[in-house]
Amino acid sequence: MTANATPFPLLSAADLKTELAEPRPPVLLDIRWQLGGPNQRPAYEAGHLPGAVYVDLDAELAGPAGSGGRHPLPDPEAFGAVMRRAGVSAGAPVVVYDGGQGWAAARAWWLLRWTGHTDVRVLDGGLAAWAAEDGPLTTDVTPAPEGDFKPNPGSIGLLDADGAAALARTGVLLDARAGERYRGEVEPIDRVGGHIPGAVSAPTTENVGPDGLLRAPDALRERFAALGVRADGPAPVGVYCGSGVSAAHEVLALASAGIPAALYAGSWSQWSSDPAREVAVGELPG
């Protein structure tokens, strides 16, 4: 890999075991998180990959909920301080993992990529995949050496509400939520159900196989092609979800298929909070 090359965004548990045994192992970040559930630091303290540092998604990978949505982007400088505290440096590889779903790890991956880190990967399958490889866990919590990472926002695509609306008309805007939320049949969290007019339903759960691993790049390219997205196509691609977390996982899936995509970080929680914004319901993009 050349100095300026961006690595494939996924890493298998077997390959991670190999890299951790090398003289300069990657920095490990534990991003365990549960939507609406308790803080996962106790789970981290009960057992985590050796050397991994816990990062709290709600408190450190998101700003305060409000007009920007339920999980708006954190202040870049505050995010940079969190990453330095976790041992992240500009020239050192980073591997992020979570409890297995992949959404939280993808959020950390996306934030690091957006702020300019070029060598960050997600442990495919998370802790379950690590356990399947008989990977060791530890309860030791040792502070990481201070890193030198300085965020430079804007390295990959980011959409605001107006940009998402425009992209739904001129490109392909994917809705990563469950189909019933897209259709407006149920809405357990936000003000109103439905979707951004013109958006295409593409639940991110369908990017993962029965084994909990992300589907192979060829299978993902086939899936996205059926949704109107092509790796060699001219149409720009964007993704949103409920609050910008599971959408990061879909951006990760697209990246593994060789397709760049922008993230609408405010997502449906921001869009639906404004009664002036149009809402579509049903199977069709609208």
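Trainee: At what angle do the axes of helix α5 and helix α10 cross?

Mentor: Two packed helices are described by the angle between their axes and the distance between the axes. In this predicted model, the axes of α5 (residues 103-114) and α10 (residues 246-256) cross at roughly 70° and come within 7 Å. That makes α5 roughly perpendicular to α10 (65 to 115 degrees). Axes are lines fitted to C-alpha atoms, for helices over the stretch in contact, with angles from 0 to 180 degrees between N-to-C directions. Helices are DSSP runs (H or I, at least four residues), as are strands (E, at least two), numbered from the N terminus.

Residues are numbered from 1 along each chain as its sequence is written. Local features need pLDDT of at least 70 and side-chain atom pairs pLDDT 80 or more, while totals for chains, interfaces and linings use all residues; side-chain values use heavy atoms, without hydrogens and water.

Trainee: Which residues make the contact between α5 and α10?

Mentor: From α5 come W103, A106, R107, W109 and W110, and from α10 come S246, A248, H249, V251, L252 and A255, contact meaning heavy atoms within 4.5 Å. Eight of these residues are nonpolar, two polar and one charged.

Trainee: How many cavities of 30 Å³ or more does the structure have?

Mentor: Rolling a probe the size of a water molecule over the atoms shows where empty space is left. A cavity is a set of points on a 1 Å grid over the protein atoms alone where a 1.4 Å probe fits but cannot get out; lining residues have an atom within 4 Å of a point. The search finds one cavity of 30 Å³ or more. The largest cavity has a volume of about 90 Å³, the space filled by probe spheres set on the points, which are joined across faces, edges and corners. Its lining has 17 residues, with Q101, G102, D124, G125 and H249 nearest the centre. Both β5 (120-123) and α10 supply at least two lining residues each.

Trainee: Which classes of residue form the lining of the largest cavity?

Mentor: The lining has eight nonpolar, seven polar and two charged residues. Ala, Val, Leu, Ile, Met, Phe, Trp, Tyr, Cys and Pro count as nonpolar, Asp, Glu, Lys and Arg as charged, and the others, Gly among them, as polar.

Conventions
Parallel < 35°, antiparallel > 145°, perpendicular 65-115°, else oblique. 1 Å grid on protein atoms, 1.4 Å probe; cavity = no way out; pocket = protein on both sides within 12 Å on 5 of 7 lines; lining within 4 Å.
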